[in-house]
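Trainee: Please show me how to read a model like this, one feature at a time. I would like to start with strand pairing.

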Amino acid sequence: MRRLICLAGVLLVVSGTHAQLKSPEAFLGYKVGTHYTPHYRIVQYFQHLAKEAPQQLKLEQYGETNEGRPLLLATIASTQNMSNIEAIRTNNLRLANSTRDKAAPNENAPAIVWLSYNVHGNETSSSEAAMLTAYELVNPSNSRSQQWLQNTVVLIDPCLNPDGRDRYVNWYTTVIGQTINPEPIAREHREPWPGGRSNHYNFDLNRDWAWQTQKESQHRLKVYNTWLPQVHVDFHEQGVNEPYYFAPAAEPFHEVITPWQREFQTMIGKNHARYFDKEGWLYFTKERFDLFYPSYGDTYPTYHGAIGMTYEQGGIRAGLGIINEDGDTLTLVDRVQHHFTTGISTVEITSQHAARVVKEFRNYFTNVLAKPAGEFKSWVIKNDGTDRVSRLTSLLDKNLVDWSYASSASYSGLNYFTGKSESFKAEPGDIVINLNQPKGNFVKVLFERNSAITDSATYDITAWSMPYVYGLKAYGVTNFITATTKTTPAFKDIAVDPNAYAYAIKWDGLNSAKFLAAALKKGLKVRFTQQPFQSGNQNFEKGSLLVTKAANSGKDILKEVQQIAAETQSQLYSIPSGFVDKGYDFGSSNVRIINAPKVALLAGENISSLGFGELWHFFDTQLKYPVTVMSANDFIREGMNTYDVLILADGSYDFFNKKELNDDLKAWVRRGGKIIALENAVAQMARADWGIKMKDGEDKKSEGKSDYSVLRKFENRERDWLKNSMPGSIFRLELDNTHPLGFGYPDYYYSLKQDGNLYEFFKEDGWNVGVIKRDNYVSGFAGSDIRPKLNDALLIGAQDMGRGQVIYFADNPIFRSFWENGKLLLCNALFLTGQ
C-alpha cells in the first residue's frame, strides 16, 4: 500500500517549526509509524505542545490507570476561544440543560468535537495518529485548521487505555528484529495471552462507558459529562484484512436516535469518502458496527445528544507491517495516516456545519425535556431492604442521572417481573426516576423492558434492562411522578448490645458477602444458618451470618464486627441468646461453620481473558477476598495440595481432555475440593464425563419426510446464521432458594444468556438450583431456531462428589461486572455451598 500524505494537499503541512513547536517527527526523532511510541513519550509530546502553544492547547490529567499511568485530555481551540474556554464549556452544558443555573444558553457557540484514541490497547495506530492530529490543529502554519478552530473546540484523549497499549508495545519491542517481518505467521504477529486489548484487569473498556466498573471509565466519564460534546469519535482497529470503516453506522439504530444524528453521520462519512476516494483507499460503511448497546464509545455519546461514531482501521496485531490477504504490506504508517485523515476530516465537516450542529444539539435536549420518548414517563424502583437499590443509585449517580425518593402514594404501572399492569404503593426507600430530565433518552435506554430491534444482526448483547440486572422489582408508569423528595428516608437505628451472645448479618446482598470476606480475613469464626430463625422481633432468612463470642474467645468481637460492618455498610444485629424464638438454635447442625476457602483462579492460553478479568477484578476490588492466580499446570502440579476452591472462567482447559489429569482433578474434588465453573468450562466438563450432561435441543424430524429447511440461498447466509444466534438475552430462571447456592434470593433469578448451551436436570448426586422452564423469555434477541429450544433445562447446578462439590454456571453471573444481581450467587458458591 502506498504511503501517502493525507488530505491530498488540502492541509498545508510544513516540516518546519514555529518558535519551539515541534512536529511529532522532530520531537520523537523518527517518522510517526516507523516505530512504536511508548505511552510516556506520547505524554511528553502532548506536554510539549501544551508548553509551546499554551494559547491554543490546554492539557489536563483527569485520572490515573491501575498501573499508575496518567490519563490526559487536551483541549484545543483558537486563541480567542481558549481565552474564554470555561465560559464555552459552561454554555455547552446550558445547551444540554445540564447546569443548575437558569441562564439562557448562547446558541452562537463553537461546536465541540471529542476524539478518543486507543481504547483497545493493541489497536495501536490511533494514539500515533493523535499526535499528528493535535500538531496539525495547533500548527500556526496550517491555515485550514486555524480557520476550523474559529468555531470548533477539539478535545483529544490520546490514549484511553495506557496499560493495555504499553502491554502490547513493550511486548512487540522485545520480539522484533532489526527489520520487520511482515509474514503473518511471524512471532511478532502472534501476541501472547492475555494480549493488550484490555486494561489492567482485562476488561474491555469500550463496553464499560455506561457501567463504569473500571477506573479509566470512571475518571473519563466525570470529565466527559462536564463537556457533553456534539461530536464524538472512538478510534479502533479491526482485522488486518479489513478495509477502513467509518460512519454512517449499521442498523440497528436505537429508536431514540434522531433523524439529525443519522443525517450528520452520513454527511461526515461522505466527507471522509472524498479523501479516501482521492487516494484510492478502500473503505466500507453501514455494515457491522451498529448503534444499539448503550455502553460503547459511540452509543453512550449518542444517547447523550452527540453524533457518536466508531472508526475502524484494519491492523490488530499487524505490528509495524504485515502482508494481508490481498498480498499488500499494511504498515503502521498507512494505518496512522488513515486515522489522521478521518480525524481531521471530522473536525473540518463539523466546523463547516457548526451552527447547525449546535442548534440540533440544543433541540435534542429541548425535546428530551418536552417530549420524552417511550411508553413510560417514569419508573418506581422498589426498595427490597437489601443493598441492591443503593448499588443502582450509585450507577445513576456516576452517570449524573436524576432520581429521587418516592413519597408514600398509590400508583398504577406495569410490573416488570409479571409483565402486567397493576396498582402498587410507593413506600419510603423506593426511588423514582422521571424521564423529563437531560439524561432522559439515556434513562429510557437503560430501563426499557424490551428494546425495539430494527435489525437482528447486532454487534453485542441486546438486553440490559436495569431492574433485571439488579434484581429489583420495578414499575413503569405512564405519567411523571412529582411526589418525590431528595431527603433520605429516616430508618430506625438498631442499637448494638455489647453484651450480646452473638452478632448477626442478614445475607441479602453483596455487602453481606463483603462483611463475610473481611471477617474471614481477620480470622473470625463465622457461622451461617441453613434455615430461617427469629430472635426477639427480628426475622432472619436462610444464609444469615452469625459471629458468636464463644467461638471467638480472646478477641474484642464487638470492636471487630462493628468496624467491619461500618466498612462494608452492613447492618449489625445483636442476638441475646443462642436459644432462638423460632427456628434452630445456634448449636444445631443446621447452623454451619464457614471454613475460609483458599481460592485458585486459572489464567493462561485458551482461557477467556475477559472472563478471567471479571473474576479477578471482582475478588480484588469488590469482594476484597484473596485469590491466587495461577496457570493450569501449576494448579495440577502443586495447587491441589494447598487450595480447596478452583474457579474456571469461560474457556477451554487441557486437563479435561487428558484422562489421567481429568481423573486426578475428580479425585481432588472427592477429597473435599470445590470447582466453580462458568460458561464454556461447564460445556467442556459435560463432554469430559463429570456427571453434568448437555441437553440435546435438536428438533426431531419425522422419518420418511424431506427436510426442505436445509435448502438455503447463499445471499441469505448471514440471516440464516442469525436463526441460531443468541447475542445476549434475558431469561427468567426458577431458583431453588432452599439450597445454599440460592440463599439471599427469591425463588427466581434473571440470567443473561449468550449461547444455546443447556444441560439435563440432575437425577441424582446433584441439585437443580437454577432451571429454565417454558415461556421464560423476557427480553432481547434470540434466534428463531434457538429460542423454542430454551426450556426445561438446567443452567445453575450443584453436584455432590465425595466430600467435595462442583458448581455450574452455564451463564456468567457477573458479566462485565455490571450484571449486579449475580454477584451474590458467586459468593454463595464460594462461601456457603459444600460447608
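**Reading the features**

Mentor: Strand β13 (residues 378–381) and β18 form an antiparallel pair with four bridges between them. Here a strand is a DSSP run of E with at least two residues, a helix is a run of H or I with at least four, and both are numbered from the N terminus. Two strands count as paired if DSSP finds at least two bridges between them. Residues are numbered from 1 along each chain as its sequence is written, and the model is predicted, so local features need pLDDT of at least 70 and side-chain atom pairs pLDDT 80 or more.

Trainee: Which residue stands opposite S378 in β18?

Mentor: V477 in β18 is opposite S378. On β18 (residues 474–477) there is also an antiparallel pairing with β15, through two bridges, and there G476 is the bridge partner of L414.

Trainee: What is the order of the strands in the open sheet?

Mentor: The order is β16-β15-β18-β13-β17-β14-β19, seven strands with antiparallel pairing. At the edges are β16 and β19 (484–485), each of which pairs on one side only.

Trainee: How many residues lie between β15 and β16 in their hairpin?

Mentor: Four residues lie between them, and in that turn G419 has a positive phi of about 75°. The two strands, β15 (residues 409–415) and β16 (residues 420–426), run antiparallel and are joined by seven bridges. A409 faces A426 across this pair.

Trainee: Now a parallel case. Which way do β3 and β4 run?

Mentor: β3 and β4 (residues 152–157) run parallel, with six bridges, and V113 is opposite V154. β3 also runs parallel to β5 (residues 231–238), with four bridges; in that pair S116 is opposite D234.

Trainee: Are the faces of β3 covered or open?

Mentor: Burial is a matter of relative accessible area: under 20% is buried, over 50% exposed, and partly exposed is in between (1.4 Å probe, protein chains only). In β3 (residues 111–116), six of the six residues are buried, so the strand is largely enclosed by the rest of the structure. One side carries A111, V113 and L115, and the other I112, W114 and S116.

Trainee: How many residues of helix α21 are buried?

Mentor: Six of the eight residues in α21 (residues 680–687) are buried: A681, V682, A683, Q684, M685 and A686. These residues pack against β29 (645–648), β30 (674–678) and β36 (804–809). Such packing is read from contacts, meaning heavy atoms within 4.5 Å.

Trainee: What should I look for around the ends of that helix?

Mentor: Look at phi. E679, in the loop between β30 and α21, has a positive phi of about 50° although it is not a glycine. E679 is buried at 13% relative accessible area. Just after α21, D689 has a positive phi of about 65°. Elsewhere, N97 has phi near 55° in the loop between α4 (85–95) and β3, and is partly exposed at 24%.

Trainee: Which peptide bonds are cis?

Mentor: Omega is the angle to check. From W193 to P194 the bond is cis, with omega near 0°; P194 is in the loop between α7 and α8 (215–224). Another cis bond joins E251 and P252, with omega about 5°, and P252 is in strand β7 (residues 250–253).

Trainee: Which residues does W171 touch?

Mentor: Leaving out residues up to four places away in sequence, W171 touches D166, R187, E188, H189, R190, E191 and P192. W171 sits in helix α7 (residues 162–175) and counts as buried at 16% relative accessibility. Its C-alpha is 8.0 Å from that of E191, which is 20 residues away along the chain.

Trainee: And the chain as a whole, how many helices and strands does it have?

Mentor: The chain has 23 helices and 36 strands. Its radius of gyration, taken over C-alpha atoms, is 29 Å, close to the 28 Å that the globule rule gives for 835 residues, so the chain is as compact as a globular protein of that length. The rule is 2.2 Å times the number of residues to the power 0.38. Buried residues account for 60% of the chain.

Technical notes
Heavy atoms only, no water.
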